[in-house]
Amino acid sequence: MREPTREQGLAIYRMMQLIRRFEERVAECFAGGEIPGFIHLSVGQEAPPAAVCALLGPDDLVGATHRGHGQCLAKGAPPDRMMAELFGRATGTCRGKGGSMHLCDMAHGVLGTNGVVGASLPIAVGTALASRVRGSGQVTAAFFGDGAANTGAAHEALNLASVWELPVVFVCENNLYAEFTPQSVHTKAGSIAQRAGAYGMRGVRVDGNDVPAVFAAAAEAVELARGGRGPTLIEAMTYRFRGHHEGDPMAYRQKAELEEWRAKDPLPRFRGWLGERGWLTDAERARLEAEVQAEVNAATEFARQSPWPAPEAALEGVYA
Amino acid sequence: MRYVKAIADAITEEMARDERVILLGEDVGAPGGTFGATKGLLQQFGGERVRDTPISETAIVGAAIGAAANGLRPIVEIMFMDFIGTCWDQVVNQMAKMHYMFGGQVRLPVVLRTHTGAGLNAGPQHSGSLEAWAVHVPGLKVVMPSTPADVKGLLKSAIRDDNPVIVVENKTLYATKGEVPAGEHLVPIGRAEVRREGKDVTVVALSRMVHEALKAADLLSKDGISAEVLDPRTLSPLDRDALLGSVAKTGRLVIAHEAWGPCGFGAEIAAIAAEGAFRSLKAPVRRVTPPFTPVPFSPPMEKRWLPDAGKIAAAVREVCA
Ligand SMILES: Cc1ncc(C[n+]2csc(CCOP(=O)(O)OP(=O)(O)O)c2C)c(N)n1
């Protein structure tokens, strides 16, 4: 069992804070009419991206989902340019062309959030193939949901990555729902990780709100991938505290279930783990959280102050 | 009545009338659909006939084809038309061709509901208009209703049709209101509707652009230009007589749609007019379409991107000049 070092632990905690505060701010700005379009938040699901990406280097790649702000931040995408993209401003990572569901930052190895459920998996197979052919040693992590696991694209990608023993880590963030439909309605087998066996791949299911558990599984998976020993399917059991999209009244779930999961909030849990080791003192925590808050404030101000794209920019950039 | 309610009413009435009608799709059951178009149907008709599916577009359409071949009349929903590529083999190679290639042995009374449209800042993967893809394929019928009355009447006709019918809705129309005739209301597939009579120019508009064309006609009447607005309603099979009749009467043609221009439906309309009404044309045909780029997310760019009444009126003024 590999555990995060003190340095890694603090970085992961800081990242989880950043994701949480960033997305809470996104919720406020969306409610206030500053962010247009559709927004899917991952509040409650911070542990998998933070722990997995802590094991990736700058050259490694991440395929994100429609619920992918956390995945992008964890891979190192800058919060200010991300926020500007969500605001639709010219300074956004995609110059306002993409928005929340189509947010890419190649400079930091983010292959894009994706509005087509399941589509990130085959693409991750491709980037991993390229790293093999080029001998670049890069690992690709492909995030997807429990709902995405049922798309044809997911099945084909898992099989192909396995057949070619590609350096991919498939990370299923199983939050128990596909939009408004609970997992029990869309999937018969209790576990998605168990499908790995059918593809001839390692599969492991972990408590996705438990940072050390996700970290340990991901550490092994990344190591194997980097060593040329093929892909792993990690199923991280987690939960989103907010609706499928902002504005979703969540009529489909019980209050008790939400309460139960709130008690398993990954942030205080990991804070406790760090505290037990004496790694996170109150002073350290206060400093770190203030830093994160300042970063989110700065990102929001950056987005607010940024210019709108010229309407005519809509016509540019169709071809390279 | 709202457009979205007209859809729910059409499905309710047909499910009540014919127990072979079933409903399949992501979130169509218990949640009542992403835009509320199937609310209450699960409660009314039960889980055997109203089914929430996994996110498995190929399996959903394939299952509808099989169910239809075996005696049911399924209605399936593909949540956004942009996602139809994920199940395009089932749509094009199976659903569209089976009746023909099997010598008429199977009939596929499948209705595939989906929606298109920009205007909600939904970004490039959730705003496209791909109706031309479907119109290009023989064996599929394609309807694109612009009003609550039409969506109800056409959807009911689609459910009763023995062929696969793709019903292309528009997400920005769901909240719009309009009169819907009480009682049994059917709109025949394949019949266009003149939304406004005029004598100087025919504006053929699709889906939401019908409303923009009507606004444009108001603007133009102030300039003394009388525009006729024709809503084909069914794109395949197209009501050619209505189109050619209107062009013969007005002598000018402008076409407006939200899908891209190249190989878009407007190209087909223009070709039909050129083939069938060339001698009546007093001016070149003009198309009003968005620029040939994906739909951008950010509001100022999306606004620039979308065709609207102003752009339609400008095109009409050009051909009437
Ligand atoms: C191919 C495709 N089908 C349907 C949708 C609509 N849709 C968007 S998110 C979603 C649910 C995804 O569930 P899951 O993969 O579990 O991810 P989660 O939202 O739980 O993070 C659906 C059905 C889509 N975007 N793409």
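At what distance from an oxygen atom of the ligand does a polar backbone atom of A:G147 lie?

A: The distance is 2.7 Å, between an oxygen atom of the ligand and a polar backbone atom of A:G147. This is a predicted model, in which local features need pLDDT of at least 70 and side-chain atom pairs count only at pLDDT 80 or more, while totals for chains, interfaces and linings use all residues. Residues are numbered from 1 along each chain as its sequence is written, chains are lettered from A and ligands numbered from 1 in the order in which they are written, and side-chain values use heavy atoms, with hydrogens and water left out.

The shell around the ligand holds 20 residues, counted if one of their heavy atoms lies within 4 Å of it. The closest are A:H66, A:R67, A:G115, A:G147 and B:E57. Because the surrounding residues come from chains A and B, the site is shared between chains. By type, the shell has eight nonpolar, seven polar and five charged residues; Ala, Val, Leu, Ile, Met, Phe, Trp, Tyr, Cys and Pro count as nonpolar, Asp, Glu, Lys and Arg as charged, and the others, Gly among them, as polar.

One backbone feature of chain A belongs here. A:L176 is not a glycine, yet it has a positive phi of about 75°. A:L176 sits in the loop between β3 (168-174) and β4 (177-178) of chain A.

Now the fold of chain B. Chain B has 12 helices and 12 strands, taken as DSSP runs (helices H or I, at least four residues; strands E, at least two) and numbered from the N terminus. The radius of gyration of chain B, over C-alpha atoms, is 19 Å, close to the 20 Å that the globule rule (2.2 Å times the number of residues to the power 0.38) gives for 321 residues, so chain B is as compact as a globular protein of that length. Its C-alpha trace spans about 60 × 45 × 40 Å along the principal axes.

An open sheet of seven strands in chain B runs in the order β2-β1-β3-β4-β6-β5-β10, with mixed pairing; two strands pair if DSSP finds at least two bridges between them. The twist averages 20° from one strand to the next, with axes fitted to C-alpha atoms and angles running from 0 to 180 degrees between N-to-C directions. Strand β5 (residues 141-143) of chain B pairs with β10(B) in the antiparallel sense over two bridges, and B:V143 stands opposite B:T234 in β10(B). A cis peptide bond, with omega about 0°, joins B:S236 and B:P237. B:P237 lies in the loop between β10 and α9 (240-250) of chain B.

Another open sheet of chain B has five strands in the order β7-β9-β8-β11-β12, also with mixed pairing. Here β7 (193-196) and β12 (286-288) are the edge strands, and the twist averages 25° from one strand to the next. β7(B) pairs with β9 (residues 227-231) of chain B in the antiparallel sense over three bridges, with B:E193 opposite B:D231 in β9(B).

Methods: A polar contact is a pair of N or O atoms within 3.5 Å; within protein, one must be able to donate a hydrogen and the other to accept it, and residues adjacent in sequence count only if both atoms are side-chain atoms.
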